[in-house]
Amino acid sequence: MTKVVERKPLSLLERTYLPSVVGGLQVTWKHFARSLLHGKPVTMEYPEEKWVVPEGYRGAPYLVKDQEGDTKCVSCQLCEFICPPKAIRITPPGPDGAPADRANAEKMPREFEINMLRCIFCGLCQEVCPEEAIFLQRDYSLTGTSREQLVYNKEKLLALGGVHGGIQKWKHKLEEAREQEAFPVNQE
Amino acid sequence: MDAIYYLHPTTQFVLFSLVKIVLAFGITLTFVAYAVLAERKISAWIQDRVGPNRAAPFIVNYLPFIGPALVRLGIFQPMADGLKFLLKEDFTPAYVRKVYFWLAPALTAVPAFMTMAVIPFGSTMGNPNNPMVIADLNVGVLYTFGIVSLGVYGIVLAGYASNSKYPFLGGIRSSAQMISYEIAMGMSVIAVFMVIGDLNLSKVVAYQGGGIHHWMVFKQPLAFFIFLVAAFAETNRLPFDLPESESELVGGYHTEYSSMKFALFFMGEYANMIAASAMMVTLFFGGWTFPWGGGAAASLWGGLAHIACFIAKMLVLMVVFIWVRWMFPRFRYDQLMDLGWRRFIPLAFANILITALVLAALNH
């Protein structure tokens with residue numbers, strides 16, 4: 001259905017532009033007063049003020065520790081293989097490397113490097129990790145004065161990642177599998 | 001100091017004039033720099049932004065509380081801007097017409113500063129023989145209009161010399177715009193001078209000296225309105241910034257300019273704004289006189305107070321210039337011409353006629 005918008009011809013007063021001038025002055029004055037006299041302007045002054053990102057934001061990937069403070073990573077290198085921009089490089093401990101922090105783990109990486117200049121924050125490493133050892137966390141602004149500074153090593157990644165004791169991926173996987181089993185399939 | 005008064009009158013005149021020229025020039029340049037800052041800050045506030053607040057020279061560290069506050073206000077930004085303009089590469093594109101390309105910025109900036117010469121920016125500094133005006137011409141306003149008209153040559157020349165399409169369009173627009181609005185502007189002040197009966201700007205100020213109710217803005221509001229709008233058009237300010245219109249002509253006539261040559265155009269534009277504000281203060285707002293009236297100052301401090309009064313009035317008008325910028329969309333070219341030729345010029349004529357009739361009636 002067509003709706004005809006009625007366009008009234010401008011009155012003499014309106015044609016002098018004066019009402020719109022006054023209206024314009026009011027609008028600009030309101031904004032001027034708002035940002036100068038009370039309240040803040042909209043601008044966020046970035047390096048000093050930063051956005052608080054929501055929970056679950058996918059920022060930079062860091063390694064996490066378990067509830068005992070041990071390295072969770074077992075150097076399986078799945079993340080290294082799946083990483084699309086090839087940002088992760090893992091050096092395995094080798095046959096005579098140091099034993100893992102955790103009692104029930106076979107090994108842990110000797111070195112774990114993520115090149116944050118390459119990383120695209122895609123989250124595939126987190127997705128693929130069987131040990132829940134790497135998580136995309138809420139940091140989104142990584143800066144450095146050289147390329148080398150932005151290659152984060154194992155020590156730095158663990159320090160930044162913190163402890164993630166509560167997440168139990170295998171338990172959830174098991175629950176998911178049971179749900180799949182219990183799902184009523186339409187049988188003939 | 002008194003030794004000056006024993007010199008030959010001509011020598012005295014030259015000395016005083018030199019001092020006044022240097023002072024007026026220096027103060028105008030400072031105002032240009034800080035008008036740019038005011039423009040950026042006020043624009044920012046109107047748009048809910050913060051504006052320049054980062055430029056901080058090392059001296060700020062030695063000022064405990066004032067320093068950071070000044071930085072927040074961007075007080076040091078004009079210095080940083082100036083330094084940047086000075087240090088930037090002065091690039092001349094290969095395809096420009098070199099002589100005119102170099103001449104145009106100077107032709108824009110010089111007339112803008114020259115209009116300051118006839119504007120009485122203060123009464124006296126205690127010595128009645130030494131009025132605070134560089135050239136007390138009896139054809140003051142004619143001189144101003146003559147000089148202001150020269151400003152358009154710089155812009156047209158820049159458009160021609162750049163040898164490129166956007167500056168060319170900007171130049172064409174400015175020639176049409178500035179010439180048509182100059183007529184309206186000139187017509188509007190005729191009514192003012194019919195009332196006052198003198199072209200000398202000092203006499204204009206003296207006529208309005210009796211206080212706020214003597215100001216021409218209340219006796220000739222229509223003339224003031226036309227003059228104000230024409231001043232916006234003459235100084236290429238929004239809503240009449242067709243010669244530069246960033247969004248459609250890139251930068252208009254100064255597209256091809258960079259570094260100090262661009263800075264000269266910029267300074268010219270702001271100096272024009274200052275000159276237009278000063279003209280409006282002189283013609284319509286009583287010049288240096290206080291709102292409660294009073295004659296020429298008898299002491300140095302009185303003279304300084306008059307100058308401060310003049311500058312304060314000028315600053316208010318400058319803020320209006322900046323404020324209005326964020327109110328209107330830009331006029332279309334034909335609307336601009338229509339407004340100039342078919343509205344303001346007839347209005348100005350009508351104003352002259354009415355003023356003449358009223359004056360004739362009063363004199364009988």
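Me: In this predicted model, at what angle do helix 9 and helix 13 of chain B pack, and how far apart are their axes?

Reply: Helix 9 (residues 221-234) of chain B and helix 13 (residues 333-363) of chain B pack at an angle of about 150°, and their axes lie 10 Å apart. Angles over 145 degrees count as roughly antiparallel, and therefore helix 9 of chain B is roughly antiparallel to helix 13 of chain B. The crossing of these two helices of chain B is left-handed.

Me: Which residues of helix 9 of chain B meet helix 13 of chain B?

Reply: From helix 9 of chain B come B:Leu222, B:Ala223, B:Ile226, B:Val229 and B:Ala230, which meet B:Phe344, B:Leu347, B:Ala348 and B:Asn351 in helix 13 of chain B. By class, the residues of this contact divide into eight nonpolar, one polar and no charged.

Me: How should I read the angle between helix 11 and helix 12 of chain B?

Reply: Helix 11 (residues 259-284) of chain B packs against helix 12 (residues 300-325) of chain B at about 120°, with the axes 9 Å apart.

Me: Which residues of helix 12 of chain B take part in the contact with helix 11 of chain B?

Reply: They are B:Phe310, B:Lys313, B:Met314, B:Leu317, B:Met318 and B:Phe321, and among the residues of helix 11 of chain B that meet them are B:Met273 and B:Ser277.

Notes:
Residues numbered from 1 in each chain as written. Chains lettered and ligands numbered in written order. Predicted model: local features only at pLDDT ≥ 70, side-chain atom pairs only at ≥ 80, totals over all residues. Axes fitted to C-alpha atoms, helices over the stretch in contact; angles between N-to-C directions. Helix = DSSP H or I, 4+ residues; strand = E, 2+ residues; numbered from the N terminus. Contact = placed C-beta atoms within 7 Å. Parallel < 35°, antiparallel > 145°, perpendicular 65-115°, else oblique. Left-handed = near helix turned anticlockwise from the far one by under 90°. Nonpolar A, V, L, I, M, F, W, Y, C, P; charged D, E, K, R; others polar.
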